[in-house]
Amino acid sequence: MSADLRRSSLLGALTTLLSAQELALAMSIYDQEFAHQQFFLAAKYLERLSLSVGLGDRQRRVFASLNSALAHTAFVREPRAASPRALEGGAEQSVLQLSPALVVFGALCERVTQRLLGIYPATQSGWPAALRAHIGEMRVDDAVSQQLRHWADDPFDRRLQVNLNEQTLSELVHVLYLWSCDEIGPVKTDQIFAYIVRELEQMPEAAQFSPRRLM
Amino acid sequence: MNGSELSASLVWMIVAIAMIFMMQAGFSCLEAGLVRAKNTVNVIMKNFIDVALVTLPFWAVGYGLMWGANPSGWLGTSDFFVSGTDNAYLVNMLFQLMFCATSSTIVSGAIAERIRYGAFVAVATVISVLTYPIFGSWAWGGTAESPGWLRGLGFIDVAGGTVVHIVGGACALAGVIVLGARRGRFSSQGIARVIPGHNLPVFSIGVFLLWFGWFGFNGASAMVDFPERVGLALLNTHLGACAGVAGAMLFVTLRGRKVAMATAMNGALGGLVSVTAGCAHLAPPLAIFTALVAGVLVTVATTWLERLRLDDAVGAVPVHLCCGIWGTVAVGLFQTNQMFDLRQIGVQLLGAAVAFIWAFATAWLAFKTVGKFMLLRVPSISEQRGLDISEHGEIGYAEFQDSLADPSQERG
């Protein structure tokens, strides 16, 4: 996800929850301290924002709104560039119709990869190769496999068709889990996934599709 | 009771049976404490099934192979499907049955967190029907006139340091090799990552229970062949545990490291294993020395295993196999009134080597054969979710455990 797209997602998420003055401060904090970061962690941004803006009991809603907006935005095609990785045979769409399962899946993947690559940057070098290897072992048809390989190439620019079923989504999450186990060990992996699952349970979409179903 | 009375020795045997039975609870607590919370039910079920189910085939077939008439010196040929009313005979049979459960349960901890439950039951059955009793027939079986071939050479193993612990440890090593490491246990560069146990207090309770049960293990075994040395066997048992702790703690401290509880407690277990073979034959100072070395051996062997990228979840191989071998040889080195007897040392080495080769080979074959007919290792998704859910459909700590998976998804 580009910085501009992320910024617009944050703006959209915070507009209804903050006053004009608070919103200006929030975006200023983002521009100065977070815009240049390759891996954006919503929790860290919220923590920093809380120091300057008294969120009070709005904190939970702000966090849920941030996660939801970032997850939705991950599936929006950026308007300026034609992607070399366009969906095969599919008409281009600005926004895909997202099921709760896909929203939760997207949020989970993004959080996991952000946290892993942000906290353990040394793992980045092995990222696409490790995922591609795992995807190669999955029992899916060739068309889906190709889309999954496109996804593996860029974890922050995912364009998946909506017809992936829960089983496939779970397998993809499992791929992330295995990669994480190999890179940082099973204990830290369990801790990170458990934390993120609890985080995502605050999303509105989690009421219809629990992130635990992907585990 | 028709005026008949149980002899004191028989009463002691009965009490010892109960104490050795409690060792299953000890193994359960020890292993449960050392694995992750999501696999607790699974390890306990493995230990439970050892005593609940595996002993049935031993009663039916294994006991006869081990203790039946053994004219060839290689295999028992009678006493299958034991029945009757002779107190001494039946109590002894039950006593041996408890030993069998101990040997197969040693395997369960080493390969925790990745073996299919059904596969483990199958392999444990093979161990209890073939591996353990056949070696037992060589080392203990037969009569004075027609002993097992190893026994006939003068091999000494009072309480199972070889028959139970080397056999169990070798089977565990075979399982560790065949199954491979838990996911993420070793990095791609071979660096071992610690997977800490989820409940060290429960682990410690397990060690205390094992220490307690060991008095029955060694004391009752000594009663069978060396009744005049029961006191010595019991004293050596306790001294062995203490010296094992001392050895482990001293070694770690001299290397400038902190003493972890698992280090100290596994040292105690290593000490207990090391004095088991010779508990009625070692003078107390030499029992202490033997166990002191065993305490060091446990910590060193643990490091060796990790360097070889072998994942033993609870340290069963260092404790039972390595300390069992050392303890078996120590009998030849330090036997009272017969120290450094070269012939005895040779026989002890032979017995240890045969035990290891026999147990490792049969267990390896058992794992491989079972793997041909059923899935031996759980799928990686089950490692992720935890074997409690994937194998048993339940969670060990329903109120407190933050399971990643949705348990309702697993119930059929």
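Residues are numbered from 1 along each chain as written, and chains are lettered from A in the order in which they are written. Because the model is predicted, local features need pLDDT of at least 70 and side-chain atom pairs pLDDT 80 or more, while totals for chains, interfaces and linings use all residues, and side-chain values rest on heavy atoms, without hydrogens and water.

The largest pocket has a volume of about 1000 Å³, and of its 36 lining residues those closest to the centre are B:Val194, B:Ala262, B:Thr263, B:Thr302 and B:Glu306. A pocket here is an open set of points on a 1 Å grid over the protein atoms alone, where a 1.4 Å probe fits, with protein on both sides within 12 Å along at least five of seven lines, and lining residues have an atom within 4 Å of a point. Helices 8 (230-254), 9 (261-276) and 10 (284-307) of chain B each supply at least two lining residues, and helix 10 of chain B gives the most, with nine residues; helices are DSSP runs (H or I) of at least four residues, and strands (E) of at least two.

| Class in the lining | Count |
|---|---|
| Nonpolar | 19 residues |
| Polar | seven residues |

B:Leu6, in the segment before helix 1 (8-34) of chain B, counts as partly exposed because its relative accessibility is 35%, a class that lies between buried (under 20%) and exposed (over 50%), with a 1.4 Å probe and protein chains only.

Chain A comes to nine helices and zero strands, and buried residues make up 53% of its 215 residues.

Notes: Points joined across faces, edges and corners; volume = space filled by probe spheres on them. Nonpolar A, V, L, I, M, F, W, Y, C, P; charged D, E, K, R; others polar.
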